[in-house]
Amino acid sequence: MEETKRPTGFMPPMADISSIARKRLDLPYGTQSVNQRLDVFLPGVGEGPFPALIYVHGGGFAMGDKRDDHLTPYLEALERGIAVVAVEYRLSGEAVFPAAVLDARAAPSCARRP
């Protein structure tokens, strides 16, 4: 699988996730593209299971990234004992509609796996 090229030009700043100790990054949830991956951020304390907030980045299904700075306010949920799942999906330059929507629907089931 070849990674889809992102649109050239604007690249949003990325969220700073360096201080989050409990995280699993780039977990695959699909087999059609390397862009079908997600990140799971867990609260600093507790064994779970945790309620989860699912973050699907914006960009009109044409651009964006699961770790862009729009993720930052969602990460505040970790302090309240809520896990955060950030979803990357196939963009419109790689797959036609409704692929991105189907990806976003499929991703949370992967987040439940140990």
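A salt bridge is here a side-chain nitrogen of Lys or Arg within 4 Å of a carboxyl oxygen of Asp or Glu. By that definition, the structure holds 6 salt bridges. The structure is a predicted model, in which local features need pLDDT of at least 70 and side-chain atom pairs count only at pLDDT 80 or more, whereas totals for chains, interfaces and linings use all residues. Residues are numbered from 1 along each chain as its sequence is written, and side-chain values use heavy atoms, with hydrogens and water left out.

- Helices (H or I, at least four residues) and strands (E, at least two) are DSSP runs, numbered from the N terminus.
- An open sheet is formed by 4 strands in the order β1-β2-β4-β3, with mixed pairing; two strands pair if DSSP finds at least two bridges between them.
- Strands β1 (23-28) and β3 stand at the edges with a single partner strand each, so one side of each has no neighbour in the sheet.
- On average, neighbouring strands of this sheet are turned by 20° against each other, direction ignored; axes are lines fitted to C-alpha atoms, for helices over the stretch in contact, and angles run from 0 to 180 degrees between N-to-C directions.
- Strand β2 (residues 37-41) pairs with strand β4 (residues 83-87) in the antiparallel sense over 4 bridges.
- Phenylalanine 41 stands opposite valine 84 in β4.
- Helix α2 (residues 99-111) lies across β1, β2, β3 and β4 and runs at about 45° to β2; contact means heavy atoms within 4.5 Å.

**The salt-bridge network**

- A network of salt bridges links Asp26, Arg37, Asp39, Lys66 and Arg67.
- Between arginine 67 and aspartate 26 there is a salt bridge whose closest N and O atoms are 3.3 Å apart.
- That pair links distant parts of the chain, with arginine 67 in the loop between β3 and α1 and aspartate 26 in strand β1, 41 residues apart.
- Aspartate 26 is partly exposed, its relative accessible area being 37%; buried means under 20% relative accessible area, exposed over 50%, and partly exposed in between (1.4 Å probe, protein chains only).
- Lysine 66 and aspartate 39 meet through their side chains in a salt bridge (3.0 Å, N to O).
- Because lysine 66 lies in the loop between β3 and α1 and aspartate 39 in strand β2, this pair ties together parts that are 27 residues apart in sequence.
- Lysine 66 and aspartate 39 are both buried.
- Arginine 67 also forms a salt bridge with aspartate 39, where the closest N and O atoms are 2.5 Å apart.
- Here arginine 67 lies in the loop between β3 and α1 and aspartate 39 in strand β2, so the pair ties together parts that are 28 residues apart in sequence.
- Both arginine 67 and aspartate 39 are buried.

- Histidine 57 is placed in the loop between β3 (52-56) and α1 (72-75).
- With 3% relative accessibility, histidine 57 counts as buried.
- Leaving aside residues up to four places away in sequence, histidine 57 touches Met63, Gly64, Asp65, Lys66, Asp68, Val87, Glu88, Tyr89 and Leu91.
- The side chain of histidine 57 makes a polar contact with that of glutamate 88 (2.9 Å); a polar contact is a pair of N or O atoms within 3.5 Å, where within protein one must be able to donate a hydrogen and the other to accept it, and residues adjacent in sequence count only if both atoms are side-chain atoms.
- From C-alpha to C-alpha, histidine 57 and arginine 67 are 8.2 Å apart in space, and they are 10 residues apart in sequence.

**Aromatic pairs**

- Rings of Phe, Tyr and Trp (its six-membered ring) pair if their centres lie within 6.5 Å; planes under 30 degrees apart count as stacked, over 60 as edge-to-face and the rest as tilted.
- By this rule, there are 2 aromatic pairs.
- The rings of tyrosine 55 and tyrosine 74 have centres 4.9 Å apart and planes at 45°, so this pair is tilted.
- Tyrosine 55 in strand β3 and tyrosine 74 in helix α1 are 19 residues apart, and the pair links distant parts of the chain.
- Tyrosine 55 counts as buried at 4% relative accessibility, whereas tyrosine 74 counts as partly exposed at 37%.
- The rings of phenylalanine 61 and tyrosine 89 have centres 5.5 Å apart and planes at 70°, so this pair is edge-to-face.
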